[in-house]
Amino acid sequence: MKPAAPRPSYPPRPSGPSGSLDIEAFPSDLSLMLLLLVVTVLAQDLFFALWMATLQAPVTELCTGPTLDCPRDAGAMVTGSVNYLLMLLTPGLVIGATTNWRRQRRSTPLAETPFHGAAEAVGSLIRQARLSRNPVVMVDRRLASGAYVTGQQRRPLLMLGPELLVLREKGDHGRRIFETVVRHELAHLRGRDLQTYHLLTVFRPSNLFAGAFIAFAMVLDVLNRNSTPGALVVTLLRAFLLTLLGELIARAYLRVREHHADLHAGMTDRDGLLAALGADSGRADGTGAARLRSWLRHHPLGDERLGVAKAPGRVLASSPGRVFLGATVAGVLLPTLQDMLLRFYGPESGAFTIIVCGVLVGLGLTLFVGFTLWRHQWYAAGPARLGRSALTGLIVAVGVVAGGWLALYTRVAGFGLTGMPLAPSFLAVLVVAAVLLCGWLSVVGAQWYRGDPEAQRMSRFLKLAVVPAALLGGWLMAGLWMWGVVLQDVLTACSTKVYRCVTNAPERDVAKAVTGFFGPGPVLMAVILIALGVPLAARFAAPVTDRISRGGRPPGRTG
């Protein structure tokens, strides 16, 4: 953290639902974003590892079909996949170890520098933080007025810049900024951010290396089959965008992590936090092109950090950008997981693998969207709630479709599944289903909010809402995914010259077949009972408390 230019005055602290923010009321955005990153990078790594292992594994029997569909030696497939995974993960380990070594080499222990007063002040702040392991305080002259934490969990290091240490001697104002910056870094240690930072150090290079290897291998594959230049460009663009998706998620995680550390640091001295962030500095770095570039930043913009410091609920309210990233990952996972399941179970188990894939991805996507909407219910402004639910549903639908076309398949460039169909009927139903699901999640949260506006029984609410939400979203996605796969296959076949369509209305016939498959069974009845019963249960099971006014909520702009 690097302090901004100080200002003499600070705005008053707004009141939240309970006068202060409980950032542990819901599963943390840190955990959700980190899980999203791991799933995205591992999906890309597994694609490359399995693809290369399939090409190199010996064929076990005579095969006249496509090369990648031939039966392979299972042992060689497993060994090859593990070897390629290690190849992709090793650069991150080497880069992390080298970076830590270089940082320690160029730094000096604070006790061996002339800043003796600062050493005592930092020691006092470390004791107040009550960490499981106290960090070794070092001075890095390249930091200037910045600070960061590094090292291993068993020996953490707190790196401080000399200009920051000098700032402590410049009156009470400078001392408060100095202490806030140190508390911010200690909050990273208290929140175990050091372990997750090492995880990111491994996964981010792995994501970039996998993208580079995939692009190179796919270029060779396209050139060997004498494909058109347009196909080559599309192939490279898909590899680039999928790699960019992982990097955007990683940077979004790092920005949320900074917000959490700011809030922990501000618990002791909020005015000091606002001073360190440059309150009332008049900077306009949160508008225009700078806001567009913020998606590529490791740290949030100054205006955004100030907004969260003044209204802490913003860090827990839903962010459209994060929802889009999560929905795009779900769209990527649908065909990727489907392809892997088909390889494991065989092409004859198509319906079973479609349902399993749809349920698993739909479950995860529903919980991801549900947590963001429920946070928004408690921590954002009321008037935009219904509009935000509809917007969130539209973002989910767009993200799922975009991810379906972005995904890389084990059978590359025409040998495997294609993206979701762009038929108007299917897209309309997908949008309506996503909007209704998000609206239902908002209604469930609203019913509980009426009785528990201060989020005092949040664990009880999650026990009531998570399981039915997961079941509803899982079966909904299973039906949509089955409809999309079958419809895309039919539309693709009907577009070829050698195939004669047996119907003039394939969209209607496929929709009737899929709804007939899911309609008569107990699945439809279970979905109806959940959709009708859970909001009522949330309304009557919520603890009754005095409801606060909507005006008492923090501002709802989520950046």
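Trainee: What should the 20 residues of helix α5 (residues 171-190) span at 1.5 Å a residue, and how far apart are its end C-alpha atoms?
Mentor: This is a predicted model, and in it the 20 residues of α5 should span 28 Å at 1.5 Å a residue, while the end C-alpha atoms of α5 are 28 Å apart, so the two values agree.

Trainee: Is α5 mostly covered or mostly open?
Mentor: Helix α5 is mostly covered, since 14 of its 20 residues are buried, a label that is used for residues under 20% relative accessible area.

Trainee: And what happens with phi just after α5?
Mentor: Arg-192, which comes just after α5, takes a positive phi of about 60°.

Trainee: Which other residues have a positive phi without being a glycine?
Mentor: Arg-130 is one of them, with a phi of about 55°, and Ala-144 is another, with a phi near 60°. Arg-130 sits in the loop between α3 (116-129) and β2 (136-140), whereas Ala-144 belongs to the loop between β2 and β3 (147-152).

Trainee: Is Arg-130 buried or exposed?
Mentor: Arg-130 counts as exposed because its relative accessible area is 71%, and the label applies over 50%.

Trainee: Let me step back to the whole chain: how many helices and strands are there?
Mentor: The chain has 17 helices and 4 strands. Of its 559 residues, 53% count as buried, and among the contacts between residues at least 6 apart in sequence, 79% join residues at least 24 apart.

Trainee: How does α7 (residues 229-266) do on the span check?
Mentor: Helix α7 has 38 residues and reaches 55 Å from its first C-alpha to its last, which is close to the 56 Å expected at 1.5 Å a residue. Helix α7 is also mostly covered, with 27 of its 38 residues buried.

Trainee: Switching to α2 (residues 74-105), is Ser-81 buried or exposed?
Mentor: Ser-81, which is found in α2, counts as buried because its relative accessible area is 13%. Once neighbours within four places in sequence are left aside, the contacts of Ser-81 are Ala-49, Leu-50 and Ala-53. Ser-81 and Ala-53 are 28 residues apart in sequence, with their C-alpha atoms 5.5 Å apart in space.

Trainee: What about Val-82?
Mentor: Val-82 also lies in α2, but Val-82 is partly exposed, as its relative accessible area is 42%. The C-alpha atoms of Val-82 and Leu-46, residues that are 36 apart along the chain, are separated by 9.1 Å.

Trainee: Which residues line the largest cavity, and which elements do they come from?
Mentor: The lining has 16 residues, and Leu-365, Val-396, Ala-434, Leu-437 and Met-477 are those nearest the centre of the cavity. The elements that give two or more residues to this lining are α12 (350-379), α13 (385-406), α14 (424-451) and α15 (458-494). Helix α14 gives the most, with 5 residues.

Trainee: How does that lining divide into nonpolar, polar and charged?
Mentor: The lining of the largest cavity divides into 13 nonpolar residues, 3 polar residues and no charged residues.

Trainee: One last thing: how many disulfides are there, and are Cys-357 and Cys-438 buried or exposed?
Mentor: The structure holds 0 disulfides. Cys-357 counts as buried because its relative accessibility is 0%, and Cys-438 counts as buried at 3%.

Terms used
Residues numbered from 1 in each chain as written. Predicted model: local features only at pLDDT ≥ 70, side-chain atom pairs only at ≥ 80, totals over all residues. Heavy atoms only, no water. 1 Å grid on protein atoms, 1.4 Å probe; cavity = no way out; pocket = protein on both sides within 12 Å on 5 of 7 lines; lining within 4 Å. Nonpolar A, V, L, I, M, F, W, Y, C, P; charged D, E, K, R; others polar. Disulfide = S-S within 2.5 Å. Buried < 20%, exposed > 50% of the residue type's maximum accessible area, 1.4 Å probe, protein only. Expected span 1.5 Å × (residues − 1). Contact = heavy atoms within 4.5 Å.
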